[in-house]
Amino acid sequence: MLGAGLLAKKACERGLSVAPYIKTSLSPGSGVVTYYLKESGVIPYLEQLGFHLVGYGCMTCIGNSGPLPEAVTTAVEQADLVAVGVLSGNRNFEGRINPHTRANYLTSPPLCIAYAIAGTVLIDFEKEPLGVDSSGSPVFLKDIWPTRAELQEVERQYVVPAMFRDTYSKITESNSSWNELEAPDSQLYPWDPKSTYIKSPPFFDGMTQDPPAVRDVEKAAVLLNLGDSVTTDHISPAGSISRTSPAARYLSSRGMTPREFNSYGARRGNDSVMARGTFANIRLVNKFMSKPGPKTLHFPSGESMDVFDAAERYRSEGRPLIVLAGKDYGSGSSRDWAAKGPWMLGVKAVVAESFERIHRSNLVGMGILPLQFTDGATTETLRLTGKEFYSVQVPPQLKPGQLLTVKTDSGVSVEVRCRIDTDVELTYYQHGGILNYMVRKMSK
């Protein structure tokens, strides 16, 4: 971060600037960073380039750095541009930083400054200049890159232990709004039915003292027919809530304006929002649809609708659901709502070519059956369209890794491996998920 500040200082001194259509923001992970950036005198240069302090922690990498200018989004949409985000956060999923940035790259903080000045990622820093200085001479990245000696000298002078002590000693006093909140004094949480942020989840609705018998999946419809590398952010996005989404309609019905929608990440305590946000990523590629987006087809009607609305329609018809997918289903961050959301939509099983390790475990933890094609089979080699209805016979004495048979109403029968990998996972699945298992265990 100091390197970014020093690079910004040198860039400003050479007369470089950032184009107005480039969105810039500064969100350190800690208040200590702000402390030493101010003390070292680089904040004015960062701000001159547009990198103003907008907050701390999960900001840009979770889509909380704010909207793009209207003129920019209009240009991106009309010309179908592949807009790019460059950030030094920890996530760069498609469409997460902003719905209009299809490509997102992780770099060091100094390179974020450099790419912002260049205005493009299509640059070879060794051969092409970032821009020209006030005299018209080209300025290369190497000309303004801080040396190790410069960094060490600034660090020695301005990053001192007292900064950390001073910042963290005031952590309980720094936010008056937080400190003024009234906290209820009760053993049980007093759910507020008016809250759009936190509500009592339905995970235990209808739960019995003893676990029910394991059931077959009978004549399930395919909610989505997906390809390879579907991430947990495709399944349960954490970023901004689209104004045309089911979640937006729900919040509007509760008196919220678009400005108050916030993000899925901020509303993860409200299952009504998160269920509507499941598979709501605008970059989701569903083979049923001609273009990316949070849409699917209802069968047998063939009607196109939002994923949540399709799931609700299937629920009203008493139809269970499955998801078809390719390789590495559930890659990315281990987001629990990527398993909770599909469960809430009525998904009973995911049939994929392979699973990301933690997400597979999370599916089992929500009572969703992970099934893996064997012998290199895919939906394409099996000529499965996803328009069929699928049945899976799950034996009462199911074993980890057992081979099961999936049958379709079109006459296709395929052997799959149950990816419940351990006896402990099998226990969770038999209880309908780890949450149910823990409640039953605690109540004995």
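I started with the charges over rings. The charged end of R267 sits over the ring of Y197, 3.9 Å from its centre. My criterion for a charge over a ring is NZ of Lys or CZ of Arg within 6 Å of the ring centre and within 35 degrees of the ring normal. I also found K340 over the face of W337, at 5.5 Å from the ring centre.

A note on the source. This is a predicted model, where local features need pLDDT of at least 70, side-chain atom pairs count only at pLDDT 80 or more, and totals for chains, interfaces and linings use all residues. Residues are numbered from 1 along each chain as its sequence is written, and side-chain values use heavy atoms, with hydrogens and water left out.

**Aromatic pairs**

Rings of Phe, Tyr and Trp (its six-membered ring) pair if their centres lie within 6.5 Å; planes under 30 degrees apart are stacked, over 60 edge-to-face, the rest tilted. The count is seven aromatic pairs. Y189 and W191 make an edge-to-face pair, 4.9 Å centre to centre with 70° between the planes. I checked exposure next: buried is under 20% relative accessible area, exposed over 50%, partly exposed in between (1.4 Å probe, protein chains only). Y189 is partly exposed because its relative accessibility is 45%. W191, at 42%, is also partly exposed.

F203 and W337 are a tilted pair, because their planes stand at 45° with ring centres 6.1 Å apart. This pair links distant parts of the chain: F203 is in the loop between α9 (176-179) and β5, W337 in helix α14 (residues 337-345), 134 residues apart. Helices (H or I, at least four residues) and strands (E, at least two) are DSSP runs, numbered from the N terminus. Both F203 and W337 are buried. I note that F203, W337 and W343 form one aromatic cluster.

**Cores**

Which residues have the most contacts inside the largest nonpolar core? They are L223, F279, Y329 and L371, in a core of 71 residues. A nonpolar core is a set of buried Ala, Val, Leu, Ile, Met, Phe, Trp, Tyr and Cys residues joined through side-chain atoms within 4.5 Å. Strand β5 (residues 217-225) gives the most to this core, six residues. A second, separate core has 32 residues, among them A4, L26, A116 and M163.

I then listed contacts (heavy atoms within 4.5 Å). Leaving aside neighbours within four places in sequence, F279 contacts residues including L223, L224, I235, V307 and Y329.

**Cysteines**

I counted zero disulfides, taking a disulfide as a pair of cysteine sulfur atoms within 2.5 Å. C61 is buried because its relative accessibility is 8%. C418 is buried too, at 0%.

**Two single residues**

T24 lies in the loop between α1 (2-13) and α2 (31-39). T24 counts as buried, at 18% relative accessibility. Its side chain reaches the backbone oxygen of G50 at 2.7 Å. Beyond four places in sequence, T24 touches V18, L49, G50, F51 and A116.

Y390 lies in strand β11 (residues 389-392). Y390 is buried, with a relative accessible area of 2%. The side chain of Y390 makes a polar contact with the side chain of E388 (2.7 Å). My rule for a polar contact is a pair of N or O atoms within 3.5 Å; within protein, one must be able to donate a hydrogen and the other to accept it, and residues adjacent in sequence count only if both atoms are side-chain atoms. Last, I took a distance: the C-alpha atoms of Y390 and D166 are separated by 61 Å.
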